[in-house]
There are 2 protein chains.
Amino acid sequence: MEQHPPALQLSAAFAALSDASRREMIRMLLHKPRRAGELAECVDMSPQALSRHLRVLRRAGLVAEQGIERDARVRIYSVQPNAFEPVQQWMAQVEDLWRRQLHAFKAFAESPRRTAKLKA
Amino acid sequence: MEQHPPALQLSAAFAALSDASRREMIRMLLHKPRRAGELAECVDMSPQALSRHLRVLRRAGLVAEQGIERDARVRIYSVQPNAFEPVQQWMAQVEDLWRRQLHAFKAFAESPRRTAKLKA
DNA sequence: CATATAGTTAACGTATCTGTTAACATTCTC
DNA sequence: GAGAATGTTAACAGATACGTTAACTATATG
C-alpha cells in the first residue's frame, strides 16, 4: 500500500513548485543542466535571490549540484532523477480515488431502486 | 502549445497541496463529499482553522461548495471536477521534457565520434 | 600578491500564512 | 421568541517566505 511516503518531502516538493520562478527554473534545468548564473539571467533575478530559490529546490530534492566544471567557481545544477516521483504518486492516487467516486456515483444513479423512485 | 495556462491558479494549487492537512482533506473529499464538521474531526482541527483551509482550497479551485442539504446550516464540500488538470498538465510537460533529455543524452553517448574518442 | 569572478550566506524589513480566541450570521428546535 | 447547533469572519500573535544590501568563501587571472 505504501500509504505514507515521506510526507515532509512531499509537502516540500509541492511548496517548491508553488512559485512560478522556481517552476521556470525547473523547466530550464530539464532542458539541460545549467550554471546558476544562466538561470539568474533567464529568470531575471538577482544572484542572491536565485541562490535562495535553488536552496529551496535542493531541500525539496528536486534539483542537485552536479560535478565540478573546469572552472571550479561555477556550480552546475540539474534536475534530480525521480525527483517528481512522490508528487506523481500522490497525483495518481488522487486520480484513482476520483475514478472510484465516479464509478460509485454511476452505480448509485443506475441502481434499480433509485431509477424506480425517479420514475415515480 | 498552450504554453502558459493560468500560472496564478497553478501556483495556488501547488501551494494548497503543500500542506499535509489540506491533502488529507482532499483525500477525504475524494472518497465522498462531506460536511465541514466531518473534515474537522478527521483532520483533528478546530472549525475555524479548518474553515481557513477550506477557503485556501476553494480559492485554488480544488474544492467547491455543493448544494444545500436538508439542514441548511451544514455546508457540503466536494472536490471540483477537473480540479487537478492544470497540475497534471504541468507534470506531464515535465515528464515529457525529462524523457527528451534522457533521449538526447543517450544519442550523445552513442554518437560515433564520442565512442571513437572513448576507445582511444 | 592584488583584483576580479561566481556563488553563497547573513542580516534586515516586509509580507504572507497559521492557529487561537472572540464575535457574527443562519438555521434548527423547543 | 430563546437558545442551541453549524460555520464563517475578524483581530491578534507567532512563524515562515521573499527580496535586497552587505559581507564572505573560493577560484581564476594578471
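This section describes confidence, helix packing, the contact between the chains and the surfaces near DNA in a predicted model.

Confidence was examined for chain A. The mean pLDDT of chain A is 87. Of its residues, 84% reach 70 or more. Among the elements of chain A, helix α4 (residues 47-59) has the highest mean pLDDT, at 97. Helix α6 (residues 112-119) of chain A has the lowest, at 60. Where pLDDT is low, the predicted coordinates should not be read in detail.

Helix packing within chain A was considered next. Helix α2 (residues 20-31) of chain A packs against helix α3 (residues 36-43) of chain A, with axes that come within 10 Å. The two axes cross at roughly 125°. α2(A) is therefore oblique to α3(A). The crossing of α2(A) and α3(A) is right-handed. From α2(A), the contact draws on A:Ser21, A:Glu24, A:Met25 and A:Met28. From α3(A), the contact draws on A:Leu39, A:Cys42 and A:Val43. By class, five residues of this contact of α2(A) with α3(A) are nonpolar, one is polar and one is charged.

α2(A) also meets α4(A). Their axes come within 10 Å and cross at roughly 75°. This angle makes α2(A) roughly perpendicular to α4(A). A:Ser21, A:Arg22 and A:Met25 form the α2(A) side of the contact. A:His53, A:Val56 and A:Leu57 form the α4(A) side. The contact of α2(A) with α4(A) comprises three nonpolar residues, two polar and one charged.

In chain B, α2(B) and α4(B) pack at an angle of about 75°, and their axes are 10 Å apart. That angle makes α2(B) roughly perpendicular to α4(B). In α2(B), the residues involved are B:Ser21, B:Arg22 and B:Met25. They meet B:His53, B:Val56 and B:Leu57 in α4(B). By class, the contact of α2(B) with α4(B) has three nonpolar, two polar and one charged residues.

The contact between the chains takes 21 residues from chain A and 21 residues from chain B. On the side of chain B that touches chain A, the elements giving two or more residues are α1 (7-17), α2 (20-31) and α5 (85-109) of chain B. α5(B) gives the most to this side, with seven residues. The side of chain B that touches chain A divides into 13 nonpolar residues, five polar and three charged.

The surfaces near the DNA draw on both chains. Around DNA strand C there are 22 residues. The closest are A:Arg35, A:Gly37, A:Gln48, A:Ser51 and B:Ala72. At least two residues of the surface near DNA strand C come from each of α3 and α4 of chain A and α4 (47-59) of chain B. By class, the surface near DNA strand C has seven nonpolar, seven polar and eight charged residues.

DNA strand D has 22 residues around it. B:Arg35, B:Gly37, B:Gln48, B:Ser51 and B:Val74 come nearest to DNA strand D. For the surface near DNA strand D, the elements that give two or more residues are α4 of chain A together with α3 (36-43) and α4 of chain B. Seven residues of the surface near DNA strand D are nonpolar, seven are polar and eight are charged.

Key: Residues numbered from 1 in each chain as written. Chains lettered and ligands numbered in written order. Predicted model: local features only at pLDDT ≥ 70, side-chain atom pairs only at ≥ 80, totals over all residues. Contact = placed C-beta atoms within 7 Å. Helix = DSSP H or I, 4+ residues; strand = E, 2+ residues; numbered from the N terminus. Nonpolar A, V, L, I, M, F, W, Y, C, P; charged D, E, K, R; others polar. pLDDT = per-residue confidence, 0-100. Axes fitted to C-alpha atoms, helices over the stretch in contact; angles between N-to-C directions. Parallel < 35°, antiparallel > 145°, perpendicular 65-115°, else oblique. Left-handed = near helix turned anticlockwise from the far one by under 90°. Near = placed C-beta within 6 Å.
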